[in-house]
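Hello,

Please find the structure below, followed by notes on what was found in it.

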Amino acid sequence: MTMTADATKGRTPLVEMRDIRVSYGGVHAVAGVSIDLYPGEIVGLVGGNGAGKSTLMKVLSGAVVADSGEIECHGEPAHIGNPRDAKAYGIETIYQNLALADNLDAPANVFLGREVTLGVGSLDDSAMENATREVMGRLNPNFRNFKSAVMSLSGGQRQSVAIARAVQFNARILIMDEPTAALGPAETAQVRNLVRQLKEEGLGIFLISHDIHDVYDLSDRISVMYHGRIVDTVRKEDVDTDSVLGMIILGKRPGEVTREELEALH
Amino acid sequence: MVTRKLAAVLGVFALVLAACGTGTTSQAPDGSAGSTDCTVAVSWNNFQQPRWAAADEPNIKGAVESAGGTYISADADLSSEQQLTDVSNLIGQGADVLILLAQDQNAVLPALQEAKDSGIPVIAYDRLIEDPDILYITFNNIGVGEAQAAAVLEEVPSGNYVLIKGDPGDPNASTFLPQGWDDAGLKEKVDSGEITILNGPEAGSGEWPADYGTYTDAWDTQTAQENMEAIIDAANADNQTIDAILAENDSTALGVVAALEAKNYGFPPLSGQDGDPANLNNVALGKQFVDVWKNANELGKAAGQAAIQLCEGTAMEDVAIDIDSSVAPLDGNSPTDFETPGGNTVKSLILQPTPLTAEDLDVVINAGWYATKDDICAGVTDADPGFEDCQ
Amino acid sequence: MANVADTAPASGQSRAAAGLARVRGLLGATEVDVRLFGMLVALGVILLAFNILTEGRFFRPANMVTLAVQAIPVAILATGMVLVIVSRNIDLSVGSLTGIIAMTYAMLMTDWLPNVLGMGVDFPMRWLIALVLGICLGAAFGAVQGFIIAYIGVPSFVVTLGGLLSIRGAIWYFSNGAAVTGLDPTFQLIGGGARGSIGEMLTWAIGGIGCLAVIAGLWNGRRQRRRFGFPVRPIWAEITLGVLGCAAMLGLAAFANGNYLPPGLASEYAREHGITEPSGGLKVPAGFPLPIILLIGVTVVMAWIATRRRFGRYVYAYGGNPDAAELAGINTRLTILKTFVVMGILAALSAAVVSARLNGATLDIGNSYELYVIAAAVVGGTSFAGGIGTIPGAVLGAFVMQALSYGLSFMGVNSPGQNVVAGIVLILAVAFDTWNRRRAAR
């Protein structure tokens, strides 16, 4: 089920980022980007290497602090100075490299930094294991290894742990950076089902992927970045994969691309 | 980012500074008694031990400066490699004569060669260097061993002995002190069966003295303590009593006392060497029987005087020293020949040690040694052997 | 949880392999940490070997007590080194730190407290004041090093190497290098020795508490799992562990009580309690030495911190993946700083045992400790890659290394020989660990 443009009017966006700028010593990784996300929608974020997609999302997840620009969450101005701030706003991130502590088990990873404690301040490992079993039951019922270090799990299982961590704490906004890059077909299908499921629950999801067909399949809107700027943000039904590809590679909107350039792409 | 790099650079810089050997330089005060432009360099092997700073150095320095010379030094901090660097540096700083306290008698030979090549006379101070051209100024280390064993053997002429030796790389520990023990009659008694060495093979089945006794790396007190504890346990397991302990020096003797106290074993007669304050205190308290004191004040004077004379061109055999007669060499105040274990004949000034038991403590108390009466008499009551001399 | 049925041999498989698989299955059912169990076995083998070589003279209570007390200074430090190495750092200054604090204790009790602060030589609680000051000093050193490492970003190897050198140099100035002896008699008890044991009754009490703790731990663990419906260990495994654990605790107590007071003190005891001494002397059990109690306390607290507190969890998380820890919102800098503060405090405790045993301090106390401590942690299973290591493992590692050292001394082998053996054991232990981990990863 996709959202039509009319359905988004009048609703408060979950997240609105305005004129975000990030530069590293003269290189403009993000050069004035504005983007927004509504509840129950998936926004695909695409672009070539170095386009700035990961950096932009890192600003939202608190891993990077923008040089300038504003962020609003649920209509209120938001200050995101570190990962904890982001989580407080209901923003959860699944990183490309998963950011799991390989030597700890699944419950420990899910609750990392947000551990459940007993009265005296000691860790309540049983409660955390229980909660993890519950959330994992929804995501990946075949997952059994709650006591082994995640280092010994398969790629798909590790991905499940990362996703479990993201959904455990009532996320409203989910950032997924290349979620299926390291997965086989079966596990990829699993993740895609999950993404759709979360969308039905009303989450807003930013999906970064280099796989055009994946993005096209799942997203409601697609934002294309090129050299730190947004080329355009379009609704899926208004474009085809070719024009998206053109935007990614040439950095121009469909209307601006000449026929010669378009032929050169094929 | 910049702060991190700067901090790292500063850190390494500080590290390099700290790692360089410590050194002291001094200038002779103007208007001093003598006038010479001799630079006397001293290469210490381990300046950390209290005796060097408290006794040897002030006296070497005093003798050098009162003759108008300049004193420079470096500390190798127990490293033979560091000592080679130190000697090079001292030569580079303009040393005219070198006083060398060898960390390892073999490893130091290249440094010795460098000094000889630069035409610098070398005094081997306290520790022997196997080379025919040096002037060996030391205490009669064999005599120290003899005094240690003589005192203990008189108390305990027969029974079970434990031998605690020092660092295996030091010829004093491996050769000279055991030789002194034999001169006092130890080997005879072991061969005749009157004395059994508990921490060694059966009499006759091992090589004497090498296989008998326990060495202590770097003369370390804690190592001596742990070794002694194991030895006491083994003796108890065999139902044998320890009747006497020959420890080669005070730092190891201190560890032995700690082990005896931990086991509430009592205090069989125990030897030591150096006259360290804590050990002299133990002698007064009855925990150590004899401490063979070497008045290093006089050794320092002798070396300082000899250094100045060598620098001014005096031939080695014509050097003449002027020190306390109770400590002066038996053969007179000029160097005589000494046969080394390695077969060299070296010119030497061999000073006399002073064995101290509880009755002799007044000698050291009155001699201006760096162990003060307070140090030596701390906690001494009328039940203790040193009580009288502590009045 | 391994299913024993799964390990039944396929036809054609060798009986030995099947037997091994079955043992592994059983071990898996008990969920005992294999590495730790292996260390205990190794320690047992070493003690047995020495006992055979010395025709039974070696393995006696008095000797084992000596061995244990000798191992304690390094073992205490090793518990802290685990956390430092797990979080991908190293502390090379522990030896010098122990040395300077030991010298501080000695100077406080022989000179500064009596003379400078006017407290008489027999001032009560001198030992406690010295101990508290020592702990503060250790924490302060640790905090300074930890700050430079965590907040300024200088690598721990460089900072603690600088600490090793400069602190060792500073010790000289306390007493111009001389040994300082004559500590407070109460302080000396911390080192154990003939008077520093807790006696028969308390030893049995501790054995009993240990046994109860094992049972309580097993029961509580089972209860927690039941609470959430998790799979529990089979009953036979629980009972076996309970019995073995309890037996071990009581066995250690009995063994410690097999160590008797030396004759002089036994006579004193007899007089005090109005007992007539039989011929051959009164056998008064000495029990656990005080430093052992200290070690037990330190081990329990450190293990608890490592596994049941957020600080410990964060140390391991950082060691496993520093970025993940940062992204999880953990204050990683503070966590690292704390590991060095803990190390400093442990150095003060270790220094107390060392100086109490020596009844003083010398310039060389703690020389090369950093090497023994790191070796103990590594032999005990801590990995330099970070994220892996246990507290009990490190303590066992310290005991394994000391067992070798003591055993060789007992047999009269000189220190060069001891060092050779220690080095070989270290390499073997790490090689075995690496091989084991590779096998598990396949």
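In chain B, 17 residues of domain 1 are in contact with 18 residues of domain 2; two residues are in contact if their C-beta atoms, placed from the backbone, lie within 7 Å. This is a predicted model, in which local features need pLDDT of at least 70 and side-chain atom pairs count only at pLDDT 80 or more, while totals for chains, interfaces and linings use all residues. Residues are numbered from 1 along each chain as its sequence is written, and chains are lettered from A and ligands numbered from 1 in the order in which they are written.

On the side of domain 1 of chain B that touches domain 2 of chain B, the largest share, 4 residues, comes from helix α2 (residues 50-66) of chain B. Helices (H or I, at least four residues) and strands (E, at least two) are DSSP runs, numbered from the N terminus. That side of domain 1 has 8 nonpolar, 6 polar and 3 charged residues. Here Ala, Val, Leu, Ile, Met, Phe, Trp, Tyr, Cys and Pro count as nonpolar, Asp, Glu, Lys and Arg as charged, and the others, Gly among them, as polar.

Domain 1 of chain B covers 7-18 + 31-140 + 295-354, and domain 2 covers 142-292 + 356-376; the bounds come from an automatic or database domain assignment. The centres of the two domains, taken over C-alpha atoms, are 28 Å apart.

**A sheet in chain B**

Chain B has an open sheet of 3 strands in the order β10-β11-β14, with mixed pairing; two strands pair if DSSP finds at least two bridges between them. β10 (271-273) and β14 (354-356) of chain B are the edge strands, each pairing on one side only. Strand β11 (residues 290-293) of chain B runs antiparallel to β14(B), and 3 bridges join them. Within β14(B), B:Leu356 stands opposite B:Asp291.

**Chain C against chain A**

Chain C places 22 residues in contact with 21 residues of chain A. α8 (199-228), α12 (310-320) and α13 (322-327) of chain C each supply at least two residues of the side of chain C that touches chain A. The largest share of that side, 6 residues, comes from α12(C). By class, the side of chain C that touches chain A has 10 nonpolar, 6 polar and 6 charged residues.

**Chain A**

Chain A contains 10 helices and 10 strands. Its C-alpha trace spans about 65 × 40 × 40 Å along the principal axes.

Regards
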